[in-house]
Amino acid sequence: MFKHRGKRRTYAHNLKLASILSSVAGIVNITGVLEFKILTTNVTGHFAYFSEELVFGYFKKAYVFLFYILFFLLGAFVSGFFIELMSRAYKESRLSYVLPVSVEIGVMCALVISSHIFIQYDSLYHVPFTLALLFTMGLQNALVTKVSGSVVRTTHLTGLFTDLGIELSQLLFSKETAEKKQLHRGISLKLAIILCFFGGGVIGGLSYSFFKLNTLLIPILLLLFSLWYDGLLFRFYHLKRKFRDHRL
């Protein structure tokens, strides 16, 4: 799911990755909206608000939106840095994706714990908590983009709907079987991301009404499962290769 890159990466790998991490993004996004009234999975809207506050002279508010944008960027930078560093230092190392996912888990755990500590000062922690969520989503988006070769994006839907519309139009003119198969796979992958993002939003919304910021425990569990599952497959293929070499 994470480990395979380039030509070794298959449609099944991308589908698994997209399903789990788009669900994570959907849950994080709705949690941010319900708790802080801020979108945390993309920065498009924040650019608009930044411009608006700047034009009307509300510079303090403008700086807040600027920091939202920069923290998403910081998350993407940290993710890309870890992946590049580990890939260059240790070829085939699982650390290249384990580290970014672990950071994402760690930040969300810190938010859940902090929400109980600072419960009496709820108006003060909104901005730093929002910054932290934007950081995790920037980190996740960069990780998924890098691992999938820019095939999968899980934290915003604008580009997905654009690509989906293009591929649906191409399907009307496609005649070759191979091309149709490729288009069907692309369309089904994008639909899976959209549905899982939506499903994550519904689950997160229902959970938030009962558990508030503890809802973030759900994406934490999903991320832990993804690491466990990928580690299990890694050991399986390692043993399979070892057994095959032994027979030869």
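Ser150 counts as partly exposed, with a relative accessibility of 44%; in this scale, buried means under 20% relative accessible area, exposed over 50%, and partly exposed in between, for a 1.4 Å probe and protein chains only. The model is predicted, so that local features need pLDDT of at least 70 and side-chain atom pairs count only at pLDDT 80 or more, while totals for chains, interfaces and linings use all residues. Residues are numbered from 1 along each chain as its sequence is written, and side-chain values use heavy atoms, with hydrogens and water left out.

Ser150 lies in the loop between helix H5 (126-148) and H6; helices here are DSSP runs of H or I with at least four residues, numbered from the N terminus. Although Ser150 is not a glycine, its phi is positive, about 70°.

Another loop, between helix H1 (11-36) and helix H2 (44-55), holds Lys37. Lys37 is a residue other than glycine with a positive phi, near 60°. Lys37 is exposed, with a relative accessible area of 65%. Ile38 also lies in the loop between H1 and H2, but Ile38 counts as buried, at 13% relative accessibility. What is Ile38 in contact with, leaving aside its neighbours within four places in sequence? The partners are Gly32, Val33, His46, Phe65, Tyr68 and Thr130, where contact means heavy atoms within 4.5 Å. Of these, Thr130 is 92 residues from Ile38 in sequence, yet the two C-alpha atoms are 7.4 Å apart in space.

The chain can next be followed to a pair of helices. Two packed helices are described by the angle between their axes and the distance between the axes. Helix H6 (residues 158-173) and helix H7 (residues 177-211) pack at about 150°, with axes 10 Å apart; axes are lines fitted to C-alpha atoms over the stretch in contact, and angles run from 0 to 180 degrees between N-to-C directions. H6 is therefore roughly antiparallel to H7, since angles over 145 degrees count as roughly antiparallel, under 35 as roughly parallel, 65 to 115 as roughly perpendicular and the rest as oblique. The contact includes Leu160, Phe161 and Leu164 of H6 and Leu183, Ile187 and Leu191 of H7.

H7 itself has 35 residues, which at 1.5 Å a residue should span 51 Å; the expected span is 1.5 Å times one less than the number of residues. The end C-alpha atoms of H7 are 49 Å apart, which agrees. After H7 comes Lys212, whose phi is positive, near 55°.

Key: Helices (H or I, at least four residues) and strands (E, at least two) are DSSP runs, numbered from the N terminus.
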